[in-house]
Amino acid sequence: MSRLHWLHKVSFSHIHLLVFLLAFSEVSIAQNETGFPQLHVTGFVSAVGGQVTNTQVTSDYAGPLTIKGVECPCYIADWANGGMYADSMSFTPESRAGVQASYRITPEFSLTGQLTSRGTSLTPDLQWAYAALKLNSDLELQVGRKRIPLYYYSDFQDVGVSYPWISPPPEIYGWEATNYNGISMRFNRQFNEININASAFTGSEKVKDSSYQQFYFYQKSNNVNWNNLIGADIEINYDALTFRAVYMQAKVETRIPKDDFNSLAGLKAYGVAINFDIGNFFIISELTQLTRDFSAEDYSYRAPAYSIGMGVRIGSWTPFINLGQYKEISSDKEKYQPQAFRRPSFTLRYDIDSHSDIKIQADTNSDLTNNFSSDSRIVRISYDRVFD
Amino acid sequence: MKIVKWFITLCVVTNTTFAFANIFVITSAKSPLQALNSEQVSALFLGKISSLPGVDVIQLIDQSEAAPPRAVFYQVVTGKTLTQVKNGWMRLVFSGKGAPPIEVSDDASVISKVAANQNLIGYIDEQKLNADVKVLYVVETNSGQIKR
């Protein structure tokens, strides 16, 4: 898969081109209409501002007093991209914009690319770059760079309008790698009233200076490789009920040259999501567990996590409550000190129109193990919009 | 004309139920498809499926948000508001799981596109039907409430 590594290296001019295409997407779609080839350009933007409102760590806090040079208490909202809030208002941690172009050459064959820029990293990242070939009415083969479809919201976790929170729960969506280069096969079919969407995927990912690791090893260069990544998911939709299950495994190699740190872990991840949406009321829930087995160092940990939320749509308003928890269980506390967090939150969403919304959210994050970031209260506001 | 406009405005403002012409889900007269059921129509327009027996790749034709049939169509067929439907499509588009419907401005544009291409499925006001297209499903809107 390493031959696909060049896909990371996209010059800045590409985003200018894509922004230009976005601005004229109405025109290009209108010109192409239903003939082929078709160009479809879409985009999304989320401006998110927030801050931690308490200024003291708890009296029994025994973790680092600063994380990435910022004083605790702090709140890590986005582990993969290094988004963290502290006690002053900031729009940096979670603001983002993306543009996606899909070029459908024939009804069966298409090319798709997506670039995303973030407050934490203005240089655009190539999130997607793949070719898709529909083999028959049920099967589609995709080759290239894609999101790892690990949990329910992974594929579209940057697209704010498509979920009720300001961002998906970091208890579940907190990873050092979010993408991979490889191959996937997707199956989609309707059986009477049941819709089934399933996929199998394999590939690898190299992350240079992972933001996730920099929460622990600040200002130290690191390399994280996810090799031999393989997994499968199935989503079953019946009327108001959606069920999804996923399994993935990979070999995770982490190197921090400055500390002469080298580790190899077998990673396994399982997840189940159950969503229920009837009329104006909905429940979304996800239960996951990951294990990392450092067999050479003779220890392992597993981390069950869950998120459950419910909301009600009242005209353009959607009040929503959620509880998220992440809890590590270590086989050897001398070798690995576990972390755990629990976070109730309340979000109020207002739909401006079918393409945009404003949300406010209040969270209370408990550092249950008192060893990383300490307890914090956070308030956030966001404006989300999609372009199509 | 003015009286009609005022009546419609009054109905919309007061959320009144009133008769509305049925909506026909249509495809090309040359298509191998003969009929669809409500689950198929709903799954197609929510992006849950993108093929049907005999047609591997279906392309949907939608009407613009300002066009009269659109909100009624989605409300009756899927039970969802246009915002919910749009959010669902954005999820699929940015997951690489679907191409959203192509939007056109009115019934006549839907008919001319659908008539010319067997892969297309759209919906129109029943009164606009002609022989170039065939009806796959009838969305009965007589009892439908106009959702604001």
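Two strands are said to pair if DSSP finds at least two bridges between them. Strands (E, at least two residues) and helices (H or I, at least four) are DSSP runs, numbered from the N terminus. The model is predicted, so that local features need pLDDT of at least 70 and side-chain atom pairs count only at pLDDT 80 or more, while totals for chains, interfaces and linings use all residues. Residues are numbered from 1 along each chain as its sequence is written, chains are lettered from A and ligands numbered from 1 in the order in which they are written, and side-chain values use heavy atoms, with hydrogens and water left out.

**View 1. Strand E2 of chain B and its pairing partners.** E2(B) and E4(B), residues 120-125, run parallel and are joined by two bridges. Within this pair, Leu120(B) is the residue opposite Gln59(B). E2(B) also pairs in the parallel sense with E3(B), residues 102-104, over three bridges. There, Val104(B) faces Gln63(B).

**View 2. Side chains of strand E2 of chain B.** Five of the five residues in E2(B), residues 59-63, are buried (under 20% relative accessible area; exposed is over 50% and partly exposed in between; 1.4 Å probe, protein chains only). Gln59(B), Ile61(B) and Gln63(B) point one way, and Leu60(B) and Asp62(B) the other.

**View 3. Surroundings of His355(A).** His355(A) is located in the loop between strands E19 (340-353) and E20 (356-367) of chain A. His355(A) counts as buried because its relative accessibility is 15%. Beyond its neighbours within four places in sequence, His355(A) has contacts (heavy atoms within 4.5 Å) that include Asp384(A), Arg385(A), Glu65(B) and Lys86(B).
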